[in-house]
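Work through the exercises below with the sequence and the 3D structure at hand. Each task is followed by a worked solution.

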Amino acid sequence: MIVPGIQSMSGNSPHSQSSSPTRARQVRTAMSEQLPPWGVLVLESHHAPDFSMQWREHAFVKIVYFLSGAGMFHLDDRVIEFSAGDVFVIAPHQRNRICDGEGTPSSLYVGCICENVLKAEPVTAEKIASGKLSGGSRQTHFVASTLRRMVYTQDLALASCGVDMMIDAWRLLRGVTDFDCNRKEGDDAVALEPNSVAHATDAEIVQQYIDELQTSFLEATTIDAAANQLGLSRRTFTHLFRELTGTTWLRRVRELGIEHAKKLLQETDLPIASVAFESGFADLSTFYRRFTSMVGQSPAAYRQQVERS
């Protein structure tokens, strides 16, 4: 998606590649962080081995998820170690910089949320503090999943993109300030309004879910969460889903993820690890296994085939 006023990066090397103004590979200096009119942006950055970042300060919140790499995160006079899977929050006007470790250049996703968006959630905004999140794997998974969905929304570039990005920004802020590590997976799913399904049959409800799954598959967590969202029993949901699609819920979600991965491999130069992440796979080996099983060749081989055709 081309966002007005966004530059792909600053001080990048001639060998850097970027398939989008919000994505950059082999960057030697930090990307430019210029937000669109709605005030929410997600950047993806893959550092070169000689990456160097000067001190930076900005008038928005940054939420950084490290996909890979290791090093030190500097927050004024604090120095905090980071590695793959870590999440950092940087409050507005906080001096910060990233120093990758030797031989461990990092790949990261950065959610940027302007202060005007924060004003809609003043209580949450007051709780934002710079540092490394310590809420455990559930909190990290929540942040990663939300950033993944935001990247997908950003790339779709629909008319509702700004509104959708702001809604997810508020959820993300809640997730880094008031996250309940004991809540069950899928508890944050939004149930359908009773009035909207009052006269619908169970089959019609499931069909609507199937139609919406085309663009919401990244939000799919478990069969139980999906059934609860629709107000149906697990048995009724799974029966109707198979009857209407000819396949299981899990198989369909995986198919949609792999189709999205194929699209990214065709249209971008994203690293395979990023393709896996943005297609809903938290584990790279699982992605390779699923992709090879369903497509008949590895992601790298598929990309090479597309490039030759």
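This is a predicted model: local features need pLDDT of at least 70, side-chain atom pairs count only at pLDDT 80 or more; totals for chains, interfaces and linings use all residues.

**Exercise 1.** Find the buried residues of helix α12 and decide how they are arranged around its axis.

Solution. Step 1: helix α12 covers residues 299-308, and its buried residues are Pro299, Tyr302 and Arg303. Step 2: viewed down the axis of α12, these buried residues fall within an arc of 100°, so they line one face of the helix. Step 3: the cover over the buried residues of α12 includes α9 (249-267), α10 (272-278) and α11 (284-295).

**Exercise 2.** Give the strand order of the open sheet of 3 strands and name its edge strands.

Solution. Step 1: the order is β6-β5-β8, with antiparallel pairing. Step 2: β6 (78-83) and β8 (96-100) each pair on one side only, which makes them the edge strands. Step 3: β5 (residues 70-75) pairs with β8 over 5 bridges, and Phe73 stands opposite Ile98 in β8.

**Exercise 3.** Classify the ring pairs that Phe277 forms with Tyr65 and with Tyr109.

Solution. Step 1: for Tyr65 and Phe277 the centres are 5.4 Å apart with 20° between the planes; planes under 30 degrees apart count as stacked, so this pair is stacked. Step 2: Tyr65 lies in strand β4 and Phe277 in helix α10, so the pair ties together parts 212 residues apart in sequence. Step 3: Phe277 is buried, at a relative accessible area of 2%. Step 4: the rings of Tyr109 and Phe277 have centres 4.7 Å apart and planes at 35°, so this pair is tilted. Step 5: Arg148 lies over the face of Phe277, at 4.5 Å from the ring centre.

Conventions: Residues are numbered from 1 along each chain as its sequence is written. Side-chain values use heavy atoms; hydrogens and water are left out. Buried means under 20% relative accessible area, exposed over 50%, partly exposed in between (1.4 Å probe, protein chains only). Helices (H or I, at least four residues) and strands (E, at least two) are DSSP runs, numbered from the N terminus. The arc is that of the directions from the helix axis to the C-beta atoms. Contact means heavy atoms within 4.5 Å. Two strands pair if DSSP finds at least two bridges between them. Rings of Phe, Tyr and Trp (its six-membered ring) pair if their centres lie within 6.5 Å; planes under 30 degrees apart count as stacked, over 60 as edge-to-face and the rest as tilted. A charge sits over a ring if NZ of Lys or CZ of Arg is within 6 Å of the ring centre and within 35 degrees of the ring normal.
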